[in-house]
Amino acid sequence: MQWYFVAALLTILTSSQGILTTLSQSNGHYTYDYGTVPFLAEFFKLVVSSLLLWRERRVLPSTRMTTEWKSVRLFVIPSVIYLFHNNVQFATLTYDIPEKEAVESTVDGYCFVSHWNNHKPGCGEASCDSLFSAPIQGYMLGILSACLSALAGVYTEFLMKKNNDSLYWQNVQLYTFGVIFNMARLLVDDFRSGFERGPWWSRIFNGYSLTTWMVVLNLGSTGLLVSWLMKYADNIVKVYSTSMAMLLTTVISVYLFSFKPTLQLFLGIIVCMMSLHMYFAPPNMLVDMPSPTKAAPENLKEISVERKTDS
């Protein structure tokens with residue numbers, strides 16, 4: 001499988017992620033416990049990775065699998081980071097609209113540029129009091145989401161490439177801890193509420209709709225594609241794949257949510273496209289590099305050496 005095909009598919013899934021999550025809301029609120037969505041997504045990834053690992057071992061019994069605890073325990077760290085990141089994303093979308101979430105999930109350089117985009121009705125017009133008319137909590141959660149995404153991405157790439165273990169075995173380790181920590185998070189919420197609504201497993205599907213299930217499948221499929229890119233490409237390709245979703249998400253949001261793009265958002269997209277071009281363009285397209293020329297050989301002078309022989 002070519003990396004650019006996976007990157008293009010990741011772009012499509014990323015652009016639809018924020019849109020589906022927003023569509024799953026009712027009057028700006030979630031009718032379901034959004035903490036259950038990352039749990040089900042992690043469970044979905046674990047099941048798929050386990051089946052692929054089982055199939056791989058049937059075909060290739062010598063599949064490399066490092067089982068020492070000192071190696072396995074390293075997967076705890078990204079699992080915890082992704083736990084916080086996934087839940088922060090849901091919280092962010094209660095303040096912002098999808099095309100902004102696509103920006104926040106990429107890199108910080110143009111994250112701040114697009115944060116100047118206003119999201120309340122009438123923003124971008126003369127009636128707005130401030131560029132930062134959206135709630136400050138939304139901006140803070142957006143910045144936190146971007147930082148967590150970058151940290152998790154870099155560390156996951158390190159784990160995926162530190163040895164030649166099977167990708168599916170590495171995924172099984174990562175998603176096993178993901179399921180465990182997401183279950184712990186749901187249980188903590190139950191304790192904090194005094195089990196007012198009962199244990200989380202008794203209401204896990206409450207409020208779920210077809211759109212909610214599409215969010216679960218989207219999150220799960222996106223995670224599997226990201227792990228593939230981390231193993232066989234790199235984190236930069238993943239970042240640019242998700243950043244390309246900005247433009248697509250913005251276009252779709254115009255039709256679905258009557259979103260009015262602002263100058264600040266277009267500026268963020270332009271910065272993103274310029275960065276993408278500069279990273280992948282050949283060096284001679286960016287700077288005027290002199291063409292390599294072969295140095296002319298120096299003229300050789302014949303030196304006659306006279307031999308004097310002793311008579």
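These are my notebook entries on a predicted model of one protein chain.

**Entry 1: overall look**

I started with the fold. I get 13 helices and 2 strands in the chain. Of its 311 residues, 47% count as buried. I then looked at contacts with a separation of 6 or more, and 80% of those are between residues 24 or more positions apart. The accessible surface comes to about 17,700 Å², with 65% of that belonging to carbon and sulfur atoms.

**Entry 2: the cores**

Which residues touch the most other members of the largest nonpolar core? I find Val 37, Phe 39, Phe 90 and Leu 229, in a core of 40 residues. Helices 1, 2 (36-59), 7 (136-161), 8 (167-192) and 9 (210-232) each give two or more residues to this core. Helix 9 has the largest share, with 9 residues.

I clicked on Phe 39 to see what it touches. Leaving out residues up to four places away in sequence, Phe 39 is in contact with Val 179, Asn 182, Met 183, Leu 186, Trp 200 and Ile 204. There is also a second, separate core of 7 residues, and Ile 81, Ala 91, Leu 148 and Ala 152 are among them.

**Entry 3: aromatics**

I count 13 aromatic pairs. The one I looked up is Phe 177 with Phe 181: the ring centres are 6.5 Å apart and the planes sit at 25°, so I log the pair as stacked. Both are in helix 8, 4 residues apart, which puts about one helical turn between them. Phe 177 is buried at 13% relative accessible area, while Phe 181 is partly exposed at 24%.

I also noted one aromatic cluster, formed by Tyr 30, Tyr 32, Tyr 34, Phe 205, Tyr 208 and Trp 213.

**Entry 4: salt bridges**

Side chains of opposite charge can pair when their charged atoms come close. I count 6 salt bridges here.

What does the bridge between Asp 33 and Arg 203 tie together? Asp 33 is in the loop between strand 2 (29-30) and helix 2, and Arg 203 is in the loop between helix 8 and helix 9, so the pair links parts that are 170 residues apart in sequence. Their closest N and O atoms are 3.3 Å apart, and both residues are buried.

I checked two bridges inside helices as well. In the first, the side chains of Glu 157 and Lys 161 meet at 3.0 Å, N to O. Those two are 4 residues apart in helix 7, about one helical turn. Glu 157 counts as buried, at 17% relative accessibility, whereas Lys 161 is partly exposed at 39%.

In the second, Arg 185 bridges to Asp 189, with the closest N and O atoms 3.1 Å apart. Both lie in helix 8, again 4 residues apart and about one turn of the helix. Asp 189 is partly exposed, at 24% relative accessible area. I also see that salt bridges with shared partners join Asp 33, Asp 190 and Arg 203 into one network.

**Entry 5: the nonpolar patch**

A nonpolar patch of about 870 Å² is made by Trp 3, Tyr 4, Phe 5, Leu 9, Ile 12, Ile 236, Leu 248, Tyr 279 and Phe 280. Which helix gives the most to this patch? Helix 1 does, with 5 residues. Helix 1 (3-23) and helix 12 (263-280) each supply at least two. With a relative accessible area of 35%, Leu 9 is partly exposed, and it clears the patch cut-off of over 30%.

Conventions: Residues are numbered from 1 along each chain as its sequence is written. This is a predicted model: local features need pLDDT of at least 70, side-chain atom pairs count only at pLDDT 80 or more; totals for chains, interfaces and linings use all residues. Side-chain values use heavy atoms; hydrogens and water are left out. Patches are made of residues with over 30% relative accessible area and no salt bridge: like charges are joined within 9 Å, nonpolar side chains (Val, Leu, Ile, Met, Phe, Trp, Tyr) within 5 Å. Accessible areas come from the Shrake-Rupley method with a 1.4 Å probe; for residues, only the protein chains shown count as cover. A salt bridge is a side-chain nitrogen of Lys or Arg within 4 Å of a carboxyl oxygen of Asp or Glu. Buried means under 20% relative accessible area, exposed over 50%, partly exposed in between (1.4 Å probe, protein chains only). Contact means heavy atoms within 4.5 Å. A nonpolar core is a set of buried Ala, Val, Leu, Ile, Met, Phe, Trp, Tyr and Cys residues joined through side-chain atoms within 4.5 Å. Rings of Phe, Tyr and Trp (its six-membered ring) pair if their centres lie within 6.5 Å; planes under 30 degrees apart count as stacked, over 60 as edge-to-face and the rest as tilted.
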